[in-house]
Amino acid sequence: MAALTSARMKGEPRSTGFLTLPVKGATTIYGGAQVCLDATGYAVPGAVATTLTTMGIAEETVVNAGADGAKTVVVRTSAGDLDHLLENDGTNPVTIAHVGKDVYVQDDQTVCSLATGRSVAGKCTGVTSKGVYVRFPL
């Protein structure tokens with residue numbers, strides 16, 4: 001594209017910390033769920049897979065009974081250094097030794113320490129009796 005030769009209309013800015021993402025067809029994402037993008041770029045709930053990119057936490061429940069992208073979901077990211085509290089897996093738990101390291105998607109509300117067959121959820125920023133604090137990559 002060529003450089004401007006006159007003023008242009010500015011695009012609408014996007015609010016820091018929130019993204020609106022197209023949802024995969026025949027998919028339900030529950031409010032509070034860990035939301036990932038699949039290999040085709042559509043939002044799906046977190047699950048065991050190696051091809052997901054974690055984006056954040058769903059602000060509300062979205063049921064997309066239609067085609068890919070027929071519905072969107074608003075996702076809260078970790079912009080502004082926001083950490084999200086997720087459940088800790090009982091089989092492959094995240095421990096204090098994982099603080100500052102990658103943790104992995106187990107399902108739409110749980111992270112674990114096992115990398116095999118899983119996508120990165122984000123960095124562990126703390127572990128408590130309530131769960132694991134995670135900072136998402138974006």
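Of the contacts in this protein between residues at least 6 apart in sequence, 51% join residues at least 24 apart; contact here means heavy atoms within 4.5 Å. Before I go on, a note on the source: this is a predicted model, local features need pLDDT of at least 70, side-chain atom pairs count only at pLDDT 80 or more, and totals for chains, interfaces and linings use all residues. Residues are numbered from 1 along each chain as its sequence is written, and side-chain values use heavy atoms, with hydrogens and water left out.

Now the overall picture. There are zero helices and twelve strands. Both are DSSP runs numbered from the N terminus, with helices being H or I of at least four residues and strands E of at least two. The C-alpha trace spans about 60 × 35 × 25 Å along its principal axes. Of the 138 residues, 36% are buried, where buried means under 20% relative accessible area, exposed over 50%, and partly exposed in between, with a 1.4 Å probe and protein chains only. The protein exposes about 7,700 Å², and carbon and sulfur atoms supply 54% of that. Those areas come from the Shrake-Rupley method with a 1.4 Å probe.

Next, the open sheet. Five strands form it, in the order β1-β7-β5-β3-β4, with antiparallel pairing. Two strands count as paired if DSSP finds at least two bridges between them. Which strands stand at the edges? They are β1, residues 18–22, and β4, residues 43–45; each has a single partner strand, so one side of each is left without a neighbour in the sheet. Neighbouring strands of this sheet are turned by 50 degrees against each other on average, direction ignored. For such angles, axes are lines fitted to C-alpha atoms, and values run from 0 to 180 degrees between N-to-C directions. The partner of β1 is β7, residues 72–76; the two run antiparallel and are joined by five bridges. Within that pair, Pro-22 stands opposite Thr-72.

Strand β9, residues 102–105, pairs with β11 in the antiparallel sense over three bridges, and Tyr-104 stands opposite Val-120 of β11. Strand β9 also pairs with β10, again antiparallel, over two bridges. There Val-105 faces Val-111, and a hairpin of four residues joins β9 to β10.

Two loop residues are worth a look. Ser-119 is in the loop between β10 (110–112) and β11 (120–128). Is Ser-119 buried or exposed? Its relative accessible area is 3%, so Ser-119 is buried. Leaving out residues up to four places away in sequence, Ser-119 touches Ala-49, Thr-50, Thr-51, Leu-52, Val-103, Tyr-104 and Val-105. Its side chain reaches the backbone nitrogen of Leu-52 at 3.0 Å.

The other residue is Asp-89, in the loop between β8 (84–88) and β9. At 12% relative accessibility, Asp-89 is buried. What does the side chain of Asp-89 reach at 2.7 Å? The backbone nitrogen of Asn-92. Beyond neighbours within four places in sequence, Asp-89 is in contact with Gln-106, Thr-110, Val-111 and Cys-112. Asp-89 and Cys-112 are 23 residues apart along the chain, and their C-alpha atoms are separated by 5.2 Å.

Technical notes. A polar contact is a pair of N or O atoms within 3.5 Å; within protein, one must be able to donate a hydrogen and the other to accept it, and residues adjacent in sequence count only if both atoms are side-chain atoms.
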